[in-house]
Amino acid sequence: MRVYGELRKKKNSPGVEFAIGALAAVGAGFFTNPVDVVKVRLQLQGELEARGTYKRIYKNTLHAGYLIAKHEGVIALQSGLVPALAFQVVLNGIRLGAYKSAQRYELIVNEQGNTDVLRTVMVSGTAGCVGAALGSPLYLVKTQLQAQSAKSIAVGYQRDYAGSWDAYKSLWKEGGIAALYRGWNANLPRVFVGSATQLTTFGLVSDWLHSLDIFPDRPILLTFLAAAIGGSCVAITMQPFDVLATRLYNQQTDAAGKGALYRGLGDALIKIFRTEGLTGLYKGTFPTWLRIAPHTVLCLVFYEKLDQLYDRIR
C-alpha cells in the first residue's frame, strides 16, 4: 500500500502550491500550444455541416500544422500563447494547488494512504471548474485568436484582432464584463471531466506503480509514467466537451451578445450531433491527445521538480 509519508512531512501552504502549479503549467503550456492551435482548427472545420458535404481544408494533424506554417508563418503555431499561458496560471494554479494540498493533508486518500476515487474526483473536478470560471476571458480570447487565420485556410467564424490586447479592448467595447465572460459556463463540463479524469487516474496509477516497488529511487520516472497514462485517458473522456467549448467560445454573437449558432451547451450538443453525427463531437481527437498527454506529463513532472527545488531552498 502506498503511504504519503513524505507528503505529510512537507505541508506547503496553499499559496506555495498555487505558485508551483502555475509555474509548472506555464512551462508545459509553452511547448504544447502549437498542437492546441491545430486542434482548434480541426474542431471548427465543417462546423454544422454533414460529413462529406464540405471541403476538408485540413486533412489531418500534420497537414494542418503544415498549412498553418505555410500560409501564416511558423509563429502562427503559437497563436494565443499569452492568454493561453495566463489561463494555465489561473486554472492549474487553483486545481493543482487544491489537489496537492488535499493530498498532503490526506483529504483525498483512504485509510491505507491510497487515492480515494470519489473524493479525488470531487476535489479535482470542482477546483478545475473554479479555475475555468475565473479564467474564462483568457480562454475566450485564446480560442478566438487560435481560430483566426489566413482567408485561404479559414474555418469557423473569423475575427480581425491585432493581438491579445486588441481582443480584450474589442470585447470590452462590445459589452464590458458581460462580453469578457460571455459563455463562461461552456468550459465547465470540459474542465470538470478532464481534471477529474486526469488527476484521479494519475493518483490511482501512482499508487499501483508504488505497490510494484519499481524504480524506488526514481520518483520523477514514476510521475512521468503515471502522468502519461492519466493524460491519455483525458483525451478520450474530455473530447466531446472540448469540441463544445471551442464552438461556443468562437461563435459569432449578435448585438445583444447572444450566439448566432448555439444558445448554450445543450443546444450546441444537439445541433452538432444532428448535423455532424457522433464523429463531429470527436473532431480533433488525435491533436487533443497529442496536446493533453505531453501537457499532463510536463505539468506534473515540472511540478515535482519545482516542489523538490522549493524543499531544498526553504
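The model is predicted: local features need pLDDT of at least 70, side-chain atom pairs count only at pLDDT 80 or more, and totals for chains, interfaces and linings use all residues. Residues are numbered from 1 along each chain as its sequence is written, and side-chain values use heavy atoms, with hydrogens and water left out. Helix α4 bends by about 30°, whereas α7 bends by about 105°. Helix α4 also supplies residues to the lining of the largest cavity and of the second largest cavity.

**Helices**

Helices are DSSP runs (H or I, at least four residues), numbered from the N terminus. The expected span is 1.5 Å times one less than the number of residues. A bend is the angle between axes fitted to the seven residues ending at a residue and the seven starting there. Buried means under 20% relative accessible area, exposed over 50%, and partly exposed in between (1.4 Å probe, protein chains only).

- Helix α4 runs over residues 81-104 and has 24 residues. From first C-alpha to last it reaches 32 Å, close to the expected 34 Å.
- The bend in α4 is at N92.
- Helix α4 is largely enclosed by the rest of the structure, because 18 of its 24 residues are buried.
- Helix α7 (residues 164-180) has 17 residues, but its end C-alpha atoms are only 12 Å apart. A straight helix would reach 24 Å.
- The bend in α7 is at E174.
- Buried residues in α7 include S164, Y168, L171 and L180.

**Cavities**

On a 1 Å grid over the protein atoms alone, a cavity is a set of points where a 1.4 Å probe fits but cannot get out; lining residues have an atom within 4 Å of a point. Grid points are joined across faces, edges and corners, and a volume is the space filled by probe spheres set on the points. Ala, Val, Leu, Ile, Met, Phe, Trp, Tyr, Cys and Pro count as nonpolar, Asp, Glu, Lys and Arg as charged, and the others, Gly among them, as polar.

- There are 3 cavities of 30 Å³ or more.
- The largest cavity has a volume of about 160 Å³. It is lined by 15 residues, with L91, R95, R190, M238 and I292 closest to its centre.
- Helices α4, α8, α9 and α11 each give at least two residues to that lining. It holds 6 nonpolar, 6 polar and 3 charged residues.
- The second largest cavity holds about 100 Å³ of space. Of its 13 lining residues, D36, A84, Q88, K142 and R291 lie nearest its centre.
- Helix α4 gives the largest share of this second lining, 5 residues.

**Pocket**

A pocket is an open set of points with protein on both sides within 12 Å along at least five of seven lines.

- The second largest pocket has a volume of about 390 Å³.
- It is lined by 20 residues, and Q45, Y54, R56, K283 and G284 lie nearest its centre.
- Helix α11 (residues 285-313) gives the most to this lining, with 3 residues.
- The pocket lining has 6 nonpolar, 8 polar and 6 charged residues.

**Aromatic pairs**

Rings of Phe, Tyr and Trp (its six-membered ring) pair if their centres lie within 6.5 Å; planes under 30 degrees apart count as stacked, over 60 as edge-to-face and the rest as tilted.

- The count comes to 4 aromatic pairs.
- F30 and F31 form an edge-to-face pair, 5.6 Å centre to centre with 85° between the planes.
- F30 is partly exposed at 42% relative accessible area, whereas F31 is exposed at 54%.
- F87, Y139 and Y249 form one aromatic cluster.
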